[in-house]
Amino acid sequence: MLIVGIGFALMIPADKPLEDNDNALKGYVSSPIKVQQQRAPDTARSYARSMVSDKEYEALHELIMLESSWNSNAQNKRSTAYGLGQLLDQTWDLVEIEKSADYRIQLIASHKYVMMRYGSWVKSS
């Protein structure tokens with residue numbers, strides 16, 4: 001599996017769960033955390049906090065609350081919008097990240113999209 005972020009790309013073995021590869025994420029976000037529950041909103045929030053500054057986190061949090069209420073399985077019934085950031089299938093393609101139920105991949109994809117489109121989470125709100 002290839003994970004692409006702002007200024008980095010990681011090759012993660014497809015036969016291992018992402019949580020087995022936390023060491024591979026070191027250096028790409030401020031402090032990767034051990035996944036205890038795949039869809040735990042508090043864990044997703046902690047992970048998001050580790051990715052951005054406090055000011056950026058407030059904007060990120062506001063957007064994710066509006067889009068999915070921190071539900072990584074949120075699926076829009078009228079479109080392909082899915083996950084924390086409610087990314088459309090074409091947005092997943094644009095950011096070159098495979099659509100995933102993993103909140104970390106969703107946050108990385110959402111972050112990449114917001115940086116590409118707006119330059120910051122604050123400017124996106």
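The following legends describe close-up views of a predicted model.

**View 1. Helix H2 and its buried residues.** Helix H2 spans residues 41-51, and Thr43, Ala44, Tyr47, Ala48, Ser50 and Met51 are buried in this helix. When one looks down the axis of H2, these buried residues fall within an arc of 155°, so they line one face of the helix.

**View 2. Helix H3, its length and its two sides.** Helix H3 covers residues 54-68, and its 15 residues reach 20 Å from the first C-alpha to the last, which is close to the 21 Å expected at 1.5 Å a residue. The buried residues of H3 are Glu56, Tyr57, Ala59, Leu60, Ile64 and Ser68. Seen down the helix axis, the buried residues of H3 fall within an arc of 165°, and therefore they line one face of the helix. On the face of H3 that is turned away from the buried side, the exposed residues Asp54, Lys55 and Leu66 are found.

**View 3. Positive phi angles after helix H3.** Ser69, which follows H3, has a positive phi near 55°. Trp70, which is not a glycine, has a positive phi of about 65°, and this residue is found in the loop between H3 and H4. Because its relative accessibility is 1%, and buried means under 20%, Trp70 counts as buried. Gln86 lies in the loop between H3 and H4 as well, and although Gln86 is not a glycine, its phi is positive, at about 50°. With a relative accessible area of 12%, Gln86 is also buried.

**View 4. Ser100 and its surroundings.** Ser100 is found in the loop between helix H4, residues 89-94, and helix H5, residues 103-117. Its relative accessible area is 16%, and so Ser100 is buried. Leaving aside residues up to four places away in sequence, Ser100 touches Tyr82, Trp92, Ile105 and Gln106. The side chain of Ser100 also reaches the backbone nitrogen of Asp102, at 3.0 Å. Asn73 can be found 27 residues from Ser100 in sequence, while in space the two residues are 9.4 Å apart, taken from C-alpha to C-alpha.

Technical notes:
Residues numbered from 1 in each chain as written. Predicted model: local features only at pLDDT ≥ 70, side-chain atom pairs only at ≥ 80, totals over all residues. Heavy atoms only, no water. Helix = DSSP H or I, 4+ residues; strand = E, 2+ residues; numbered from the N terminus. Buried < 20%, exposed > 50% of the residue type's maximum accessible area, 1.4 Å probe, protein only. Contact = heavy atoms within 4.5 Å. Polar contact = N/O pair within 3.5 Å; in protein donor to acceptor, adjacent residues only side chain to side chain. Arc of directions from axis to C-beta. Expected span 1.5 Å × (residues − 1).
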